[in-house]
Amino acid sequence: MAASLNILIVAVVSLIAFSPLCLCSKAYGSGGYLFPQFYDHSCPKAQEIVQTIVAKAFAQDPRMPASLLRLHFHDCFVKGCDASILLDNSGTIISEKRSNPNRNSARGFELIEEIKRALEQECPETVSCADILALAARDSTVITGGPSWEVPLGRRDARGASLSGSNNDIPAPNNTFQTILTKFKRQGLNLVDLVSLSGSHTIGNSRCTSFRQRLYNQSGNGKPDLTLNQYYASMLRKQCPRSGGDQNLFFLDFATPFKFDNHYFKNLITYKGLLSSDEVLFTKNRESRELVKLYAENQEAFFEQFAKSMVKMGNISPLTGGRGEIRRICRRVNHAY
């Protein structure tokens, strides 16, 4: 009887220890569950390793956190959070790195590979590249002064990519408000997620080519975008001419470009959002306008919702269980060795 009781206790304790039931996230479009403790036994130092390398990268390049956040976003919006964005061209794969949103723009790939090498040394073939992207996005937010959150883990890596998905599914800087919202809704995200996640533009840069039309020819009538503060526009024109200078970089949030805060929303209220896709949050929809005003006044409210929306975005159609693989090198699938 005592032996049976001991076996029962061990079984219950094991069930509690390994059950994702309490702290898990149901992944949108997936039958699997993700949970923060996924690597607690198989690779207990995983999160510490990611955090350390991200911190080192930030010290060397203050632009890197924004780049890592963007990689996670551009990954999740194409076939789900499966690290497809990291794959290079190969015999069977056309890389998403060559899509319009990513070409000459997406960066941080070498850093992800550096993190992967460190994790392979610590616990081979255990931590997915997709989870590295999710953790690096959280750590990038924290290191620049933003909120923290527990990252649900357990994603696996795709064996393919989608150039067409990258071209069509990622919101573009000149999309209308309705088009952007539709692209979010396709991923199971809503208007609140759209506004809060757009707040990631509190850090990072954008290229002249991404907003030039606002300065010179917003509606095809040869006139600038009148929802852009005209003094701010005149400053931008100095480094973003009608032609040439496509790759010239501009802060998305000129006020505090390396600090994760709510100045992005304050900029929108004064019509100083850099991208059309930013400013339309304030000018084209009453509900999103009210959220912009709320987040501009209340940074805590923005931080709280941003963390929730990042978890929600990170749960878009992950590969779990036996689907996908754990890549040994993030830029290529395992059978390519």
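This is a predicted model: local features need pLDDT of at least 70, side-chain atom pairs count only at pLDDT 80 or more; totals for chains, interfaces and linings use all residues.
Residues are numbered from 1 along each chain as its sequence is written, and side-chain values use heavy atoms, with hydrogens and water left out.

The protein has 14 helices and four strands; these are DSSP runs numbered from the N terminus (helices: H or I, at least four residues; strands: E, at least two). Of its 337 residues, 52% are buried (under 20% relative accessible area, with a 1.4 Å probe and protein chains only; exposed is over 50%, and partly exposed lies in between). Among contacts (heavy atoms within 4.5 Å) with a separation of 6 or more, 73% join residues 24 or more positions apart.

The largest pocket has a volume of about 1,100 Å³. A pocket is an open set of points, on a 1 Å grid over the protein atoms alone, where a 1.4 Å probe fits, with protein on both sides within 12 Å along at least five of seven lines; lining residues have an atom within 4 Å of a point. Grid points are joined across faces, edges and corners, and the volume is the space filled by probe spheres set on the points. The lining holds 45 residues, of which Arg-70, His-74, Pro-173, His-201 and Leu-275 are the closest to the centre. By type, 21 are nonpolar, 18 polar and six charged (nonpolar: Ala, Val, Leu, Ile, Met, Phe, Trp, Tyr, Cys and Pro; charged: Asp, Glu, Lys and Arg; polar: the others, Gly among them). Helix 3 supplies the largest share, seven residues. Helix 8 (191-198) and helix 14 are among the elements that each supply at least two.

Asn-298 caps the N-terminal end, with a side-chain oxygen 3.1 Å from the backbone nitrogen of Glu-300.

Val-195 lies in helix 8 and is buried, because its relative accessible area is 0%. Its C-alpha atom is separated by 9.5 Å from that of Gln-305, 110 residues away along the chain. Residues touched by Val-195 include Phe-265, Leu-281 and Tyr-295.

Note on methods:
A polar contact is a pair of N or O atoms within 3.5 Å; within protein, one must be able to donate a hydrogen and the other to accept it, and residues adjacent in sequence count only if both atoms are side-chain atoms. Lists of a residue's contacts leave out its neighbours within four places in sequence.
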